[in-house]
Amino acid sequence: MKTVGIIAEYNPFHNGHLYQINKIKEITNADYVIVVMSGNYVQRGTPAILHKYARTQMALLNHVDAVFELPVCYATASAEYFAYGAISLLQKLGVVDYLCFGSECGDITLLQTIAQFLINEPDDYKEALLRYQKSGETYPKARAMAIIETLKESSDVNSKELYDVLTSPNNILGIEYLKALNKLDSTMEPITILRKGAGYHSEEMEEVNPSATAIRKHLIEYSTTETLTQLPNSCINLLKELYQVSYPMTADDFSSLLYYQLSQKKDQLTSYQDVSGDLANRIQNLLVPNMEYTSFTDTLKTKQLTLTRINRSLLHILLNLKQSDFETFQMNNIMYARLLGFRKESSGILKEIQNKRSCPLITKVADARVLLSDHEYKMFLYDINASHLYDQMIYMKFKYKMKDEYTFGPVII
């Protein structure tokens with residue numbers, strides 16, 4: 001029996017995701033595909049456009065066998081910690097043979113070369129990184145420039161190729177996945193699938209395979225799926241069913257709550273995950289009533305503070321994710337497997353996981369208090385509270401009452 005693991009957000013699920021699943025099953029001849037998926041909030045620091053259970057259903061309707069939730073403290077973290085949390089969860093399931101991820105370069109050898117370089121962090125790289133940061137570059141750009149400067153001297157890769165790799169979002173995540181596999185001494189074999197179509201940030205729907213960014217923009221601005229051909233029919237049907245019932249959700253739907261949180265916690269901002277002193281000062285100086293979430297993030301942006309970093313920081317404040325708790329979870333290697341959904345015909349893989357897992361398996365939220373240690377349960381409560389907040393915002397926008405986490409069991413197809 002062979003099993004593939006995929007790390008995803010499916011925000012929303014589209015034909016590019018279906019291509020990846022079909023392609024990796026063809027390459028590996030795998031029996032099962034397991035997905036670790038972000039819950040109601042995603043890595044770029046915003047609420048998902050669609051509830052996690054709807055996105056789970058989309059995945060299960062399109063050849064995924066089981067979906068597990070990535071804890072929110074990892075799902076909303078920087079690429080390094082997002083990757084480490086997701087790889088750790090796949091590893092602890094005990095059944096995954098292959099890790100599959102999409103990349104813009106499609107070159108696993110090149111990505112592994114960069115990953116190994118970053119694991120070793122030679123002194124000349126550290127010196128270059130510090131120099132570029134002191135010159136005012138953002139950390140992502142400073143890191144890319146430092147790698148290009150030092151790695152090109154010890155490899156056959158040219159500067160332009162390195163720059164393209166290091167500035168492409170899926171490549172960046174892929175490198176972090178490979179670093180995490182190394183740190184965890186994982187036996188999972190990494191395979192990358194060349195990403196086809198529009199760039200990650202492209203907003204053009206005319207592309208053959210538009211980005212999830214473009215699809216989200218289309219769904220929010222035009223409120224229709226009639227012209228969409230970039231999603232499987234099963235996903236389009238689900239979107240039609242849920243439109244103005246529980247979707248679309250945007251960051252601006254959380255504006256009032258964000259303002260309240262920021263105004264109440266002005267003196268505590270740096271205690272939250274990812275919030276630097278500089279960002280805390282800008283929040284304190286620029287916060288005004290009648291703000292909208294997205295316009296406020298634009299106001300906070302500087303050359304050193306990227307929009308993604310700001311979004312993640314504000315989301316951590318919104319969700320009350322404290323830096324000290326996150327450090328405790330990391331230090332104690334806390335992880336559990338929360339099952340969001342599975343296919344009936346694939347129940348065999350769940351039995352294998354039950355036998356081979358090395359972390360608690362949660363299928364009923366009510367059982368979590370008994371199954372988890374105190375630290376594990378504290379991290380789990382972040383997931384529950386974050387989901388209930390999302391559900392409340394759905395109610396405020398659409399007047400639709402979602403089942404709470406204690407009564408909404410796994411999606412079964």
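Helices (H or I, at least four residues) and strands (E, at least two) are DSSP runs here, numbered from the N terminus. With that naming, Gln230 sits in the loop between H10 and H11. This is a predicted model, in which local features need pLDDT of at least 70 and side-chain atom pairs count only at pLDDT 80 or more, while totals for chains, interfaces and linings use all residues. Residues are numbered from 1 along each chain as its sequence is written, and side-chain values use heavy atoms, with hydrogens and water left out.

**Around H10**

Let us stay with Gln230 for a moment. Buried means under 20% relative accessible area, exposed means over 50%, and partly exposed lies in between (1.4 Å probe, protein chains only). Gln230 has 11% relative accessibility, so it counts as buried. Ile215 belongs to helix H10 (residues 212-222), whose buried residues are Ala212, Thr213, Ala214, Ile215, Arg216, His218 and Leu219. H11 is among the elements that cover the buried residues of H10; contact here means heavy atoms within 4.5 Å.

**The nonpolar cores**

A nonpolar core is a set of buried Ala, Val, Leu, Ile, Met, Phe, Trp, Tyr and Cys residues joined through side-chain atoms within 4.5 Å. The largest one has 105 residues, and Phe68 and Leu314 touch the most other members. Helix H19 (residues 374-398) gives the most to this core, 11 residues. There is also a second, separate core of 37 residues, including Ile6, Phe13, Ile21 and Val35. Back at Leu314, if residues up to four places away in sequence are not counted, this side of the picture shows Leu314 touching Leu258, Leu262, Ile283, Tyr293, Phe296, Thr297 and Leu300.

**Thr76, a buried loop residue**

Thr76 is found in the loop between helix H3 (72-75) and helix H4 (79-93). Although in a loop, Thr76 is buried, with a relative accessible area of 0%. Its contacts, leaving aside neighbours within four places in sequence, are Tyr41, Val42, Gln43, Arg312, Leu315, His316 and Leu321. The side chain of Thr76 also reaches the backbone oxygen of Val72 at 2.8 Å. That is a polar contact: a pair of N or O atoms within 3.5 Å, where, within protein, one must be able to donate a hydrogen and the other to accept it, and residues adjacent in sequence count only if both atoms are side-chain atoms.

**A cavity and a pocket**

Both are found on a 1 Å grid over the protein atoms alone: a cavity is a set of points where a 1.4 Å probe fits but cannot get out, a pocket is an open set with protein on both sides within 12 Å along at least five of seven lines, and lining residues have an atom within 4 Å of a point. Grid points are joined across faces, edges and corners, and a volume is the space filled by probe spheres set on the points.

The structure holds one cavity of 30 Å³ or more. The largest cavity has about 40 Å³ of space, and Val72 lines it together with Gly39, Asn40, Tyr41, Glu69, Asp383, Ala386 and Ser387. H19 provides the largest share of this lining, three residues. By class, the lining has three nonpolar, three polar and two charged residues. In this scheme Ala, Val, Leu, Ile, Met, Phe, Trp, Tyr, Cys and Pro count as nonpolar, Asp, Glu, Lys and Arg as charged, and the others, Gly among them, as polar.

The second largest pocket holds about 260 Å³ of space. Of its 14 lining residues, Tyr53, Leu242, Tyr400, Met402 and Phe408 are the closest to its centre. Helix H2 (52-60) and helix H11 (233-242) are the elements that give two or more residues to this lining. Its residues divide into eight nonpolar, three polar and three charged.

**Backbone points to look at**

| Feature | Backbone value |
|---|---|
| Asn11 to Pro12, cis peptide bond | omega near 0° |
| Tyr247 to Pro248, cis peptide bond | omega about 10° |
| His63, positive phi | phi near 80° |
| Asn290, positive phi | phi near 65° |

Pro12 has its place in the loop between strand E1 (3-8) and helix H1 (15-28), and Pro248 lies in the loop between H11 and helix H12 (255-264). His63 is in the loop between H2 and strand E3 (66-70) and counts as partly exposed at 39% relative accessibility. Asn290 is in the loop between helix H13 (277-286) and helix H14 (293-300) and counts as exposed, at 80%.
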